[in-house]
Amino acid sequence: MSAPIAEPAAATPEAAGGAATATRKRPKPGERRVQILQALAEMLQQPGADRITTAALAARLDVSEAALYRHFASKAQMFEGLIEFIESSVFTLINQIQEREEDGRQQARRIVHMLLQFGEKNPGMVRVMVGDALVFENERLTTRMTQFFERVEAQLRQCLRHAQAQQAESGQVTAETPLAAGLPAALTCMIVGCLHRYARSGFKRAPTEQLDALLQLI
């Protein structure tokens with residue numbers, strides 16, 4: 001096993017700058033924006049959070065709706081902020097895995113593990129990742145999450161091709177042996193399915209449940 005990668009980011013109040021204090025101190029530049037996104041993520045992991053209104057979000061932060069719109073032009077922009085957090089966190093960790101792990105097959109295994117662990121640590125983000133929170137929102141948000149998983153699949157394909165090249169060098173397979181074309185797509189579907197089950201179970205069935213058995217597919 002290679003050197004450990006950084007832990008998947010969790011959008012905790014401490015990491016995100018904390019909630020508004022009782023003394024109502026004026027937030028530092030950019031801090032209120034982070035607080036809004038943190039509150040939105042926390043609301044998404046609550047039961048019945050099918051559609052979150054800006055009024056409910058403002059009430060949670062004890063500010064006016066107008067205060068929200070000073071930082072985001074629309075609710076869609078707030079969701080885009082969450083998606084940007086997901087993209088930045090996940091692809092930074094994927095890059096770390098590929099830099100620190102030489103074996104292509106292990107790279108793919110660790111990427112799958114990291115994504116499921118990321119979801120487990122950030123349940124509110126899971127509802128964005130699987131699209132549940134985006135049903136009533138702008139279609140471009142769903143498109144962006146679709147593209148996110150397409151990028152994940154492309155990264156897994158790259159890892160498995162690297163593994164095939166390594167096996168060819170060691171004589172285990174020939175360079176002409178075709179890559180299992182459907183495996184990257186199947187692994188991506190498995191990731192989405194595990195995250196979906198996590199959300200639909202009310203965040204009771206961890207996405208990393210039986211992970212070791214699932215990773216034997218690689």
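**Helix packing in a predicted model**

The crossing of helix 6 and helix 9 is right-handed, a term used when the near helix is turned clockwise from the far one by less than a right angle, anticlockwise being left-handed. Helices here are DSSP runs (H or I, at least four residues), numbered from the N terminus. The model is a predicted one, in which local features need pLDDT of at least 70 and side-chain atom pairs count only at pLDDT 80 or more, while totals for chains, interfaces and linings use all residues. Residues are numbered from 1 along each chain as its sequence is written, and side-chain values use heavy atoms, with hydrogens and water left out.

Helix 9 spans residues 183-200, and its axis lies 10 Å from that of helix 6 at an angle of about 20°; axes are lines fitted to C-alpha atoms over the stretch in contact, with angles from 0 to 180 degrees between N-to-C directions. Helix 6 and helix 9 are therefore roughly parallel (angles under 35 degrees; over 145 is roughly antiparallel, 65 to 115 roughly perpendicular and the rest oblique). From helix 6, V112, L115, L116, G119 and E120 meet M190, I191, C194, L195 and Y198 of helix 9, contact meaning heavy atoms within 4.5 Å. By class, this contact of helix 6 with helix 9 holds eight nonpolar residues, one polar and one charged. Ala, Val, Leu, Ile, Met, Phe, Trp, Tyr, Cys and Pro count as nonpolar, Asp, Glu, Lys and Arg as charged, and the others, Gly among them, as polar.

Helix 6 (residues 104-121) also packs against helix 5 (residues 75-100), their axes coming within 10 Å and crossing at roughly 150°. Helix 5 and helix 6 are therefore roughly antiparallel, and helix 5 passes helix 6 in a right-handed crossing. On the helix 5 side, F85, I86, S89, V90, L93, I94, I97 and Q98 take part, facing Q107, R110, I111, M114, L115 and F118 of helix 6. Ten of the residues in this contact of helix 5 with helix 6 are nonpolar, three polar and one charged.

Helix 2 passes helix 3 in a right-handed crossing. Q35, I36, A39, L40, E42 and M43 of helix 2 touch A56, L57, R60 and L61 of helix 3, a set of seven nonpolar, one polar and two charged residues.

The UniProt record (unreviewed entry) places a "DNA-binding region" at residues 53-72; such annotations may be inferred rather than shown by experiment. Over residues 53-72 the chain is 65% helix and 0% strand, with end C-alpha atoms 14 Å apart.

Finally, seven salt bridges are found in the whole structure (a side-chain nitrogen of Lys or Arg within 4 Å of a carboxyl oxygen of Asp or Glu). E137 and K75 form a salt bridge at 3.1 Å, N to O. This pair links distant parts of the chain, 62 residues apart: E137 sits in the loop between helix 7 (123-129) and helix 8 (139-169), and K75 in helix 5.

Methods
Helices (H or I, at least four residues) and strands (E, at least two) are DSSP runs, numbered from the N terminus.
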